[in-house]
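Here is my note, in numbered points. Please keep the sequence and the model open as you read.

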Amino acid sequence: MRGKRYRIGIDVGLNSVGLAAVEVSDENSPVRLLNAQSVIHDGGVDPQKNKEAITRKNMSGVARRTRRMRRRKRERLHKLDMLLGKFGYPVIEPESLDKPFEEWHVRAELATRYIEDDELRRESISIALRHMARHRGWRNPYRQVDSLISDNPYSKQYGELKEKAKAYNDDATAAEEESTPAQLVVAMLDAGYAEAPRLRWRTGSKKPDAEGYLPVRLMQEDNANELKQIFRVQRVPADEWKPLFRSVFYAVSPKGSAEQRVGQDPLAPEQARALKASLAFQEYRIANVITNLRIKDASAELRKLTVDEKQSIYDQLVSPSSEDITWSDLCDFLGFKRSQLKGVGSLTEDGEERISSRPPRLTSVQRIYESDNKIRKPLVAWWKSASDNEHEAMIRLLSNTVDIDKVREDVAYASAIEFIDGLDDDALTKLDSVDLPSGRAAYSVETLQKLTRQMLTTDDDLHEARKTLFNVTDSWRPPADPIGEPLGNPSVDRVLKNVNRYLMNCQQRWGNPVSVNIEHVRSSFSSVAFARKDKREYEKNNEKRSIFRSSLSEQLRADEQMEKVRESDLRRLEAIQRQNGQCLYCGRTITFRTCEMDHIVPRKGVGSTNTRTNFAAVCAECNRMKSNTPFAIWARSEDAQTRGVSLAEAKKRVTMFTFNPKSYAPREVKAFKQAVIARLQQTEDDAAIDNRSIESVAWMADELHRRIDWYFNAKQYVNSASIDDAEAETMKTTVSVFQGRVTASARRAAGIEGKIHFIGQQSKTRLDRRHHAVDASVIAMMNTAAAQTLMERESLRESQRLIGLMPGERSWKEYPYEGTSRYESFHLWLDNMDVFA
């Protein structure tokens, strides 16, 4: 069966995916429900570790790594046995030894005196080598095996063993500077014991008998020093002992194991895609974001940043400072008001990310400057003296994308490797913990550098830069990964797998869909562990707020004789107390009965910004005079100044805000005050509700959007020159992403919750898993105009709930009002949803 006209809806939850395919007419009215299903998954959590939310991937990863380690150990020991046989040493199995701790005694004797008997000497060396190969200690993967052949000082752990040996036995042997680990252990054993002692710590145990003679982690250089002493005392020639030595300490480096699987640059296929940790990518990312910004100048028109402005901002953002830089800081630097800067929140030209509320920085540099105290000072000092190419070499080494042993002879890595080789083991461990961004960019280092240069030195944005440098078409874009390709997050990977399977089955059965609409909640594209942590923090904060709000309710019932306390009453009392009983605008005394709530900054179009930082408790006269104007504009007026209103005084009142410690933490208090001051200074209305207000801003939601869009529409992006506009429109599958609140509002507006019988009740319930399929069906029928109208209704609803109806204002339930631009289209959508339900 093929050729149906249908729409797909995808509802993504943390442990679920709702999927629906709805057949529609040429007018996009629903004809019938082709398929709807709820897929429940465990987010990848191991059933045995559900409480800790540890995933099966982590558990299986541990098991897989353990099995691999044991297999390599068996292979290594087998090769050592083969090498022992080659040099004429017998292979002595541990089971054949019948004396307690015999291997340790053999090792100590070998390091102490030359054994005259050739047969006994060879047996003893074999026993020592095989024992040491099974228990060789820890070595940082940055260190190559041959570094152990050189003279190395004993480790801190060896010092702990030596101190313990002295405590057990005051014999001179324990105090000798050159005592080997085996000699120290034997010295402790010689002190005598009532029962067989434990040599090694019992890892993870708190029992008294868990402590052993040896440190928790003896280092390989300690055993290597002992083995070299054994070979020296027993007069083993170098051409014999060096191969045996390397065989004992042989290791496979985990670094760079994925190096051969890197994808190719679509604009330069002979080159590999760059690391996202590379400076080339992060500099490109900064330049790309800057070129997407716009300035609203005196003519009220939006213009691009000039080359000088772009370079000035770029220089600020690539500075190595770890201090926060905000968009307001950059506007001040350029001499603009923050309200003149436009583009924050929008997708960049390549669609790879949204311009976030914080400007992008050189993340890798910041992580290095914020590294552990043990490594920060030497690492930062090296970084400051190194060249750009040496920086990139260090980043590749820290990202584990190259095998350090394979690049030791490469001059590009010489400085970085020299620095790494000069660190002790504690510092190397801290160096390994430097957390750089993961993943690969769409382009190679060379392409990224070319694009960055073009964007910074010309008026080109990324779109124009690609056309100029690589002669691509207007609609060209880099390929996206396959829909189902894993990202490494078990919960997200299950979503990708289920969505991919559903889309492929739908396409095979009915052809390409007209549209694919995706809806997700805030936590749906995170891990189960992160979502649970987020939920715990929310519930903890909510509990504190609940106690505080309960006290406000009691106060209102007692002081104002209110039987029913509404949300708007609580907001008003909290604002009055926070403002110390003063009108925020003029400073006059206000009470619960005399004050009114006002939006500091109104919104263009319908609705208001109903955040706490945009609400002010004000006197009735200030509210009347200010009307629907931003405070900063009204404060300049003659009437406001006659009343004693000024921006400076209002800001001072904000700095004196009083907060209940049960309601806000100190960090939240600071952020709240800053946000209110920013509101007071704002001279323009908030932007009207538009597409950005209804789209998801989650990175993974954008990633899923990009993958699905590429799968269905790649032909247009690659071969657009051969496709005319009419054909492109016919071929296109529209892909959209909506926030979860859009679906919730749609269900209420269409009355669907009252028409579908769920288990236990008519409205949506978490007990009935079918609600995921219902939400997917609802989102399948969503369109941008309807979603925008729904969000405008929600904004009106919240505003009227908190402030009440303004004079002449109609109820949110009647919106969109008859005669307005979207009245007919919204009611057509409602009719379709009524048929659908």
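1. Start with the loop between α32 (784-803) and α33 (823-836), where Pro816 is found. The peptide bond from Tyr815 to Pro816 is cis, with omega near 0°. A word on names: helices (H or I, at least four residues) and strands (E, at least two) are DSSP runs, numbered from the N terminus.

2. Keep the ground rules in mind. This is a predicted model, in which local features need pLDDT of at least 70, side-chain atom pairs count only at pLDDT 80 or more, and totals for chains, interfaces and linings use all residues. Residues are numbered from 1 along each chain as its sequence is written, and side-chain values use heavy atoms, with hydrogens and water left out.

3. Look at α32 again, now with helix α30 (residues 740-750). Their axes come within 9 Å and cross at roughly 85°. Axes here are lines fitted to C-alpha atoms, for helices over the stretch in contact, and angles run from 0 to 180 degrees between N-to-C directions. α30 and α32 are therefore roughly perpendicular to each other. Angles under 35 degrees count as roughly parallel, over 145 as roughly antiparallel, 65 to 115 as roughly perpendicular and the rest as oblique.

4. Which residues of α30 and α32 meet? From α30 come Arg741, Val742, Ser745, Ala746, Arg748 and Ala749. From α32 come Ala787, Leu790, Met791, Arg793, Glu794 and Arg797. Contact means heavy atoms within 4.5 Å. The residues of this contact of α30 with α32 divide into six nonpolar, one polar and five charged. Ala, Val, Leu, Ile, Met, Phe, Trp, Tyr, Cys and Pro count as nonpolar, Asp, Glu, Lys and Arg as charged, and the others, Gly among them, as polar.

5. Helix α2 (residues 102-112) is mostly covered, with eight of its eleven residues buried. Buried means under 20% relative accessible area, exposed over 50%, and partly exposed in between (1.4 Å probe, protein chains only). Among the buried residues of α2 are Trp104, Val106 and Leu110. The buried residues of α2 pack against α3 (118-134), α6 (181-190) and α7 (220-233).

6. Take α2 and α7 as a pair. Their axes come within 7 Å and cross at roughly 55°. α2 and α7 are therefore oblique to each other. Arg107, Leu110, Ala111 and Thr112 of α2 make the contact with Asn223, Glu226, Gln229, Ile230 and Val233 of α7. By class, the residues of the contact of α2 with α7 are four nonpolar, three polar and two charged.

7. Now the strands. Three of them form an open sheet in the order β5-β4-β6, with antiparallel pairing. β5 (302-304) and β6 (341-342) stand at the edges, each with a single partner strand, so one side of each is left without a neighbour in the sheet. Two strands pair if DSSP finds at least two bridges between them. Strand β4 (residues 294-296) is joined to β5 by three bridges. Ile295 stands opposite Arg303 in β5.

8. Finally, check two loop residues. Asn28 lies in the loop between β2 (16-24) and β3 (30-40). Its phi is near 65°, a positive value in a residue other than glycine. Asn28 counts as partly exposed, at 26% relative accessibility. Gln561 lies in the loop between α20 (528-559) and α21 (567-578). Gln561 is not a glycine, yet has a positive phi of about 50°. Is Gln561 buried or exposed? Gln561 is exposed, with a relative accessible area of 60%.
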